[in-house]
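Dear colleague,

Please find the structure below, together with the notes I made while going through it. I would be glad if you read the two side by side.

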Amino acid sequence: MAQDSINRRHFIGGVAGLGAAMQAPGVFAQQLKLPASPLTISIIDVGGALALVQTPLENYAKANPKAVSRMVFTKAPAPELPAKLKAQQNAGRSDIDFVIGGLDVLSAGIDQKLWIELFPRFAAELPKPDDVLLKPALAMHNLGQGQAMAMVYYPSGPLLEYMPDKVKNVPTTAEELLAWTKQNKNRFLYARPANSGPGRTWIMGLPYILGDKDPKDPEKGWDKTWAYLKELGENIEYYPGGTGATMKELGDGSRDIIVSTTGWDINPRVLGIVPKEAKIQALKGFHWVTDAQYMMIPKGVSDEKLAVLLDLVRHMLTPAQQAFTYDEGYFYPGPAVKDVPLSMAPASSQKAIAEFGRPEYEKLIADNPMETPLDPEKMVVAFRIWDEQVGGAKKK
């Protein structure tokens, strides 16, 4: 999910981390040494996932005071981080130890060779993805080319979200949506795909909806998609830099239809940013384009810090910590690993999803195909083409 300005409520309390490495010295590869004294770990969130995983991260520090003295959390927009990391690495001094984010920053980091290889290099120190991850989460994990570990997963979208009191004839096809935007100029909105989960899910889902030549090739297979997005753009006032702005504008009545996902539908209604009565619609020909958030370790961290970070990755994938990722529907469902039912989640998560979840999601998830997003190289291309041909003149 894209970086945004929505303030998130976090769960209080936690489940003790396993801290296996700290309790069982020697579990790591021999070239890595455990820290002689507790370390400060700098964690940067570029996808909004801190809302889901801050408690599990802090649980690790609480369970391992000899390894971690404190965790420092910061946030940044996904498009800005790669250049910052590259500059730090070129200068031989990096102050970022751990990155959590989506395919946007993962893809850019792979393209610029910013990440430490996790697989197969440290396969013995980490959970085996095939054993622990849900099948669609494993497909997302594999997009990381061994340079990241999938942390949370959801079927995502693209979905339309609308206010039923404003939209009486709800578009059910791409053609109907285009016609609606022409009749209701500037009342439809989505955010810049390079910094928005719903935004990138929208452009990756359209080739399936429109029957484009090759949904996996934005350069040569998206002729219908690019033409559609340009025509649609004639009826869009501007493209926000993050998803949060689209939710606020739907909530305050500035827009009537926006692009959404399961999590972005549920959570802003839980928080009162979007009215509870908002509805969702999938367009004819809809395929889910799945999404995930990842854990990445930038090149340049010390061996002793790397030992702790690898153990942190392992801790984050235990069922007890994964149960926190249900949160308040932000990345619904959330867990990337097997056997983490909603009943394991905190009571506040169970209450929020019972009240604001949608019964129709179960059928939508069961009845529609699930596609992985573009691979990292193709995603970078898609973002570039969108920025140049669709959004460049209207960014705000």
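Rings of Phe, Tyr and Trp (for Trp, its six-membered ring) are taken as a pair if their centres lie within 6.5 Å, and planes under 30 degrees apart count as stacked, over 60 as edge-to-face and the rest as tilted. By this rule there are 11 aromatic pairs. In one of them, Trp-264 and Tyr-330, the ring centres are 5.6 Å apart and the planes stand at 70°, so the pair is edge-to-face. Trp-264 belongs to helix H11 (residues 262–270), whereas Tyr-330 is in the loop between helix H13 (319–322) and strand E10 (334–335), so the pair ties together parts that are 66 residues apart in sequence. Helices (H or I, at least four residues) and strands (E, at least two) are DSSP runs, numbered from the N terminus.

Please bear in mind that this is a predicted model, in which local features need pLDDT of at least 70 and side-chain atom pairs count only at pLDDT 80 or more, while totals for chains, interfaces and linings use all residues. Residues are numbered from 1 along each chain as its sequence is written, and side-chain values use heavy atoms, with hydrogens and water left out.

Trp-264 and Tyr-330 are both buried, where buried means under 20% relative accessible area, exposed over 50% and partly exposed in between (1.4 Å probe, protein chains only). One aromatic cluster is formed by Phe-188, Tyr-190, Trp-202, Tyr-239 and Trp-386.

Trp-386 also takes part in a helix contact (heavy atoms within 4.5 Å), which is made by Arg-200, Ile-203 and Met-204 of H8 and by Met-379, Ala-382, Phe-383 and Trp-386 of H16. Helix H8 (residues 197–210) and helix H16 (residues 376–391) pack at about 95° with their axes 12 Å apart, the axes being lines fitted to C-alpha atoms over the stretch in contact, and angles running from 0 to 180 degrees between N-to-C directions. The two helices, H8 and H16, are therefore roughly perpendicular, a term used for 65 to 115 degrees.

The backbone has some features to check as well. Cis peptide bonds join Phe-119 to Pro-120, with omega about 0°, and Tyr-332 to Pro-333, with omega near -5°.

Definitions and conventions:
Parallel < 35°, antiparallel > 145°, perpendicular 65-115°, else oblique.
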